[in-house]
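Open the model in your viewer and keep the sequence panel beside it. The stops below say what to select and what is there.

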Amino acid sequence: MNHLILYEVSKRFGGVRAVDEVSLEFAVRKTHAIIGPNGAGKTTLFNLISGSLPLSGGRIQLGDVQNFARLRPHQRALCGVVRTFQITSLFPALTVREHLALSSRSALGLNGRLTDRGHGAEIERRSHDILQQLRLGTIADRVVKELSHGEQRKVEIALGLALDPQFLLLDEPTAGMSKAESREMIVSLQNLRESQPEIGIVI
């Protein structure tokens with residue numbers, strides 16, 4: 001069983017210690033929560049794990065990958081550590097299905113190829129499965145700029161799933177949502193936990 005392990009991970013911004021020698025261990029098939037007030041360093045910690053920020057100290061290990069913190073963000077994602085962001089970042093003119101196709105292409109190593117020759121059925125199958133898991137089938141062919149904030153947040157999670165993660169890091173998945181949208185997101189995450197029990201989820 002793979003583990004994502006942080007050893008005395010730190011991040012300094014000048015004289016400010018945003019993350020101070022944090023050691024944690026995350027396991028697949030588990031759901032973990034990082035809890036703290038605004039400004040406690042939760043998002044900064046996610047940025048360090050995903051590679052958006054370099055470490056000031058410490059190290060990160062994913063399974064047998066000792067030098068995980070030396071990998072670039074896209075390499076970490078392809079190794080199995082995928083994250084979402086507090087602020088939604090999608091292609092507004094693409095449909096939900098087109099987003100999933102792009103993410104599936106990355107997981108299948110098709111970036112840079114002009115066609116999906118030989119992989120079209122696999123991309124379609126993967127997209128269909130994720131649309132069903134997150135109950136996005138009814139909006140699959142709508143462009144994302146037409147979607148509600150809550151729907152766009154679920155699309156981001158869907159993109160992460162399309163990359164076949166070992167660990168899915170969700171940075172405040174209900175941020176900015178109404179009570180109804182938050183309840184729907186909680187149900188979606190419960191469904192995700194049941195449909196993909198092998199994934200480690202960090203919230």
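Start with the sheet: select its four strands, which form an open sheet in the order 3-7-6-5 with parallel pairing. Strands here are DSSP runs (E, at least two residues), and helices are DSSP runs too (H or I, at least four residues), both numbered from the N terminus. Two strands pair if DSSP finds at least two bridges between them. Strand 3 (31–32) and strand 5 (81–83) are at the edges with a single partner strand each, so one side of each has no neighbour in the sheet. In general, strands of a sheet pair through backbone hydrogen bonds, either parallel or antiparallel.

This is a predicted model, in which local features need pLDDT of at least 70 and side-chain atom pairs count only at pLDDT 80 or more, while totals for chains, interfaces and linings use all residues. Residues are numbered from 1 along each chain as its sequence is written, and side-chain values use heavy atoms, with hydrogens and water left out.

Next, select strand 6 (residues 167–169) and strand 7 (residues 200–202), which run parallel and are joined by three bridges. Pick Phe-167 and look for its bridge partner in strand 7, Gly-200.

Now go to Leu-161 in helix 5 (residues 149–162). Is Leu-161 buried or exposed? Its relative accessibility is 2%, so Leu-161 counts as buried (buried means under 20% relative accessible area, exposed over 50%, partly exposed in between, with a 1.4 Å probe and protein chains only). Not counting residues up to four places away in sequence, Leu-161 touches several residues, among them Ile-130, Leu-168 and Ile-199; contact means heavy atoms within 4.5 Å. Select Val-82 as well: its C-alpha atom is 8.3 Å from that of Leu-161, though the two residues are 79 apart along the chain.

Val-82 leads on to the largest pocket, where Val-82, Arg-83, Ser-103, Leu-159 and Leu-163 lie nearest the centre among 23 lining residues. Helix 2 (73–79), strand 5, helix 3 (96–107) and helix 5 each give two or more residues to this lining. A pocket is an open set of points on a 1 Å grid over the protein atoms alone, where a 1.4 Å probe fits, with protein on both sides within 12 Å along at least five of seven lines; lining residues have an atom within 4 Å of a point.

Finish at the second largest pocket, which is lined by 14 residues, with Leu-161 one of those nearest its centre. Helix 4 gives the most to this lining, with five residues.
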